[in-house]
Amino acid sequence: MPTVPPEKNPYNRRDFQFDSYNYLLCTQQDSYPGIDVSSFQGLIDWQKVKASGIRFAMIRLGYRGYGQAGNMVEDDYARRNLEEARKAGLEIGAYFFSQATSINEVYEEIEFMLDILGDRALQYPIVLDWEIANPTEGRTKNVDRRLLTDMLRYFCDEMASRGYDAMIYFNWTQASKMLYLNELEDYPFWLALYQDRMTFPFRVEMWQYTSEGTVPGIEGEVDINVYIPDLTKVNYHG
């Protein structure tokens with residue numbers, strides 16, 4: 001039985017334009033500019049970030065090392081960023097840089113994330129940012145398409161059962177070679193694609209369109225995203 005591909009991308013190349021703050025937004029519907037941050041951004045002035053027009057922040061809670069031990073480490077700025085971004089009036093999501101190689105390790109990462117979050121509420125999704133950190137020596141080198149799809153599905157189902165909005169993060173290579181996207185479509189997609197035109201064939205609800213963005217209140221470069229909620233479904237802004 002052939003698999004049914006995910007929902008098609010409804011946007012054309014001209015449907016995204018830069019606003020007066022120089023953030024990319026969708027011209028066809030409500031959309032929101034945001035950033036994703038980690039300790040790499042250092043100390044952030046969240047009031048300046050908010051004043052610049054940024055509406056939301058995806059905050060890294062921690063990461064798993066790519067060595068064989070696979071130790072999990074809390075992001076040095078996770079708790080500060082969660083608190084200060086909230087105080088500045090931004091809406092918040094969270095992610096964990098995963099190097100999981102089994103469902104059991106995904107479960108460990110979930111517990112690790114929830115321990116850091118405590119009773120903090122999230123307005124945006126919670127995400128497992130699974131990437132190949134080291135393709136030749138890293139611990140994830142033997143993770144195949146079937147296993148990765150199952151791990152991400154497990155993460156999202158488990159987080160949803162705990163009351164969180166989950167999301168699937170990937171780049172185009174992962175989407176085409178490492179995931180069965182049609183099995184993950186119950187959850188919104190977050191795409192890393194560094195260009196200013198949306199050419200990905202399937203619908204995504206969050207688009208990380210640059211890793212070299214500049215935002216007031218942040219020294220150096222930062223990932224910038226546009227959130228494009230699917231208005232036919234319940235979304236995070238109700």
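Reader: Which helix is Ala 85 found in?
Author: Ala 85 is in helix α2, which covers residues 78-87. Keep in mind that this is a predicted model.

Reader: Is Ala 85 buried or exposed?
Author: Its relative accessibility is 0%, so Ala 85 counts as buried. The cut-off for buried is under 20%.

Reader: What is Ala 85 in contact with, leaving aside neighbours within four places in sequence?
Author: With Trp 46, Ile 59, Leu 90 and Ile 92.

Reader: And how far is Ala 85 from Gly 62?
Author: Their C-alpha atoms are separated by 17 Å, and the two residues are 23 apart along the chain.

Reader: Next one. Where is Tyr 95 found?
Author: Tyr 95 belongs to strand β6, residues 91-98. Its relative accessibility is 7%, so this residue counts as buried too.

Reader: What does Tyr 95 touch, not counting residues up to four places away in sequence?
Author: The list includes Asp 36, Val 37 and Ser 38, then Met 58, Ile 59, Arg 60, Leu 61 and Gly 62. Met 113, Val 127 and Asp 129 are on it as well.

Reader: Which strand has Glu 74?
Author: Glu 74 is in strand β5, which spans residues 72-74. With a relative accessible area of 27%, Glu 74 is partly exposed.

Reader: What does Glu 74 touch?
Author: Leaving out residues up to four places away in sequence, Glu 74 touches Leu 61, Gly 62, Arg 79, Phe 112 and Ile 116. Leu 61 and Gly 62 are also touched by Tyr 95. As for Asn 225, its C-alpha atom is separated from that of Glu 74 by 23 Å, and the two are 151 residues apart along the chain.

Reader: Let's do loops. Where is Ala 69?
Author: In the loop between β4 (56-64) and β5 (72-74). Ala 69 has a relative accessible area of 60%, so this residue is exposed.

Reader: How far is Ala 69 from Arg 139?
Author: Their C-alpha atoms are separated by 8.4 Å, although the residues are 70 apart along the chain.

Reader: And Thr 140, buried or exposed?
Author: Buried, at a relative accessible area of 1%. Thr 140 sits in a loop as well, between β7 (126-130) and α4 (145-161). Beyond its neighbours within four places in sequence, Thr 140 is in contact with Gln 99, Ala 100, Thr 101, Trp 130, Glu 131 and Ile 132.

Reader: What is phi doing at Asn 22?
Author: Phi is near 70° there, a positive value in a residue other than glycine. Most residues other than glycine have a negative phi. Asn 22 lies in the loop between β1 and β2 (24-26), and counts as exposed at 53% relative accessibility.

Reader: Different topic. How many aromatic pairs does the structure hold?
Author: 15. One of them is Phe 16 with Trp 207: the ring centres are 5.0 Å apart and the planes are at 85°, so the pair is edge-to-face. Phe 16 lies in β1 (residues 16-18) and Trp 207 in β10 (residues 206-213), so this pair ties together parts 191 residues apart in sequence.

Reader: Are those two buried or exposed?
Author: Phe 16 and Trp 207 are both buried. They also belong to a cluster linked by ring pairs, together with Tyr 11, Phe 18 and Tyr 209.

Reader: Last bit, the whole thing. How many helices and strands?
Author: Five helices and 11 strands. The radius of gyration is 17 Å, close to the 18 Å from the globule rule for 238 residues, so the protein is as compact as a globular protein of that length.

Reader: What share of the residues counts as buried?
Author: 51% of the 238 residues. The protein exposes about 11300 Å², and carbon and sulfur atoms supply 46% of that area.

Methods: Residues numbered from 1 in each chain as written. Predicted model: local features only at pLDDT ≥ 70, side-chain atom pairs only at ≥ 80, totals over all residues. Heavy atoms only, no water. Helix = DSSP H or I, 4+ residues; strand = E, 2+ residues; numbered from the N terminus. Buried < 20%, exposed > 50% of the residue type's maximum accessible area, 1.4 Å probe, protein only. Contact = heavy atoms within 4.5 Å. Rg over C-alpha atoms; globule rule 2.2 N^0.38 Å. Areas by Shrake-Rupley, 256 points an atom, 1.4 Å probe, with all protein chains shown as cover. Phe/Tyr/Trp six-rings, centres within 6.5 Å; stacked < 30°, edge-to-face > 60°.
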